[in-house]
Amino acid sequence: MATTISEDLNVIFRPVIASDIDRAHQIEVDCFPADEAEPIDKFRYREANCPDLFLGAYLADSDRLIGYIAGTGSSTNIITAESMTQHEPEGRTVCIHSVCVDRAYRRKGLASQMMNEYITRIRQQRKYEKAALISHQHLIPFYESFGFRLFGESNIQLGRETWFDLTMDLITN
Ligand SMILES: CC(C)(COP(=O)(O)OP(=O)(O)OC[C@H]1O[C@@H](n2cnc3c(N)ncnc32)[C@H](O)[C@@H]1OP(=O)(O)O)[C@@H](O)C(=O)NCCC(=O)NCCS
């Protein structure tokens, strides 16, 4: 079922499939500086090993991929270098590695809807207790609006800017 993001933008949320990995990676390369963009083999690995954690936003009328959120399961509470390269099926934390929207569709509310959809879906899986991600300073308020809390400065070194750890509890009583 299509979700209306704005007057002129309707999308369908569904897992990114293997044939869309090149397109997803094209968005990634366009979204991040060269020293922050992840290599395509990580995208292929995630699609093959944890497709439930790789959510795409597809234009409802053309089925073109215009945004995605990619994650892995992990036994750690925060993002580590290992969590970026491997999915631990028994892990209780979803490590979110990329939140990306094609430039042509930004500031319409798509990333916000994608985050809400992603959090709903991982909660529904009932196997994850926490979500974790790293963010640059300017997007901390964006992630806090979904319930993430600032944990501190991250040890991850990717590019030149400082990253911050944010985590949220998925289990609400
Ligand atoms: C960050 C990103 C995912 C936001 O996508 P988007 O669809 O434009 O986001 P939304 O329209 O849902 O934005 C909702 C709110 O988030 C905040 N926000 C969005 N982009 C922002 C930015 N670049 N800087 C600061 N705040 C931002 C704003 O408060 C915005 O509300 P507003 O438009 O009413 O001001 C997109 O700009 C992107 O792909 N950037 C490159 C990749 C990246 O940095 N990803 C995050 C790190 S993994």
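Let's start with helix α4 and its buried residues. They are Leu110, Ala111, Met114, Met115, Tyr118 and Ile122. Where do these buried residues fall, seen down the axis of α4? They fall within an arc of 130°, so they line one face of the helix. Keep in mind that this is a predicted model.

The face turned away from the buried side carries the exposed residues Thr120 and Gln124.

What do the buried residues of α4 pack against? Strands. They pack against β1 (3-6), β2 (9-15), β3 (54-59), β4 (65-74), β5 and β6 (130-135).

Next, a quick check on the length of α4. The helix has 15 residues. At 1.5 Å a residue, α4 should span 21 Å.

Look just past the end of the helix. There, Arg126 takes a positive phi of about 60°.

On to the ligand. How many residues surround it? The count is 17, and the closest are Cys31, Arg106, Leu110, Ala111 and Ser112. Two elements give two or more residues to this shell: β5 (93-101) and α4 (110-124). Which element gives the most? That is β5, with four residues.

Leu110 and Ala111 are among the buried residues of α4, and both are listed with the closest residues to the ligand.

Last, the shell by class. Nine residues are nonpolar, five are polar and three are charged.

Note on methods:
Residues numbered from 1 in each chain as written. Predicted model: local features only at pLDDT ≥ 70, side-chain atom pairs only at ≥ 80, totals over all residues. Near = placed C-beta within 6 Å. Nonpolar A, V, L, I, M, F, W, Y, C, P; charged D, E, K, R; others polar. Expected span 1.5 Å × (residues − 1). Buried ≥ 20, exposed ≤ 12 C-beta atoms within 10 Å, placed from the backbone. Arc of directions from axis to C-beta. Contact = placed C-beta atoms within 7 Å.
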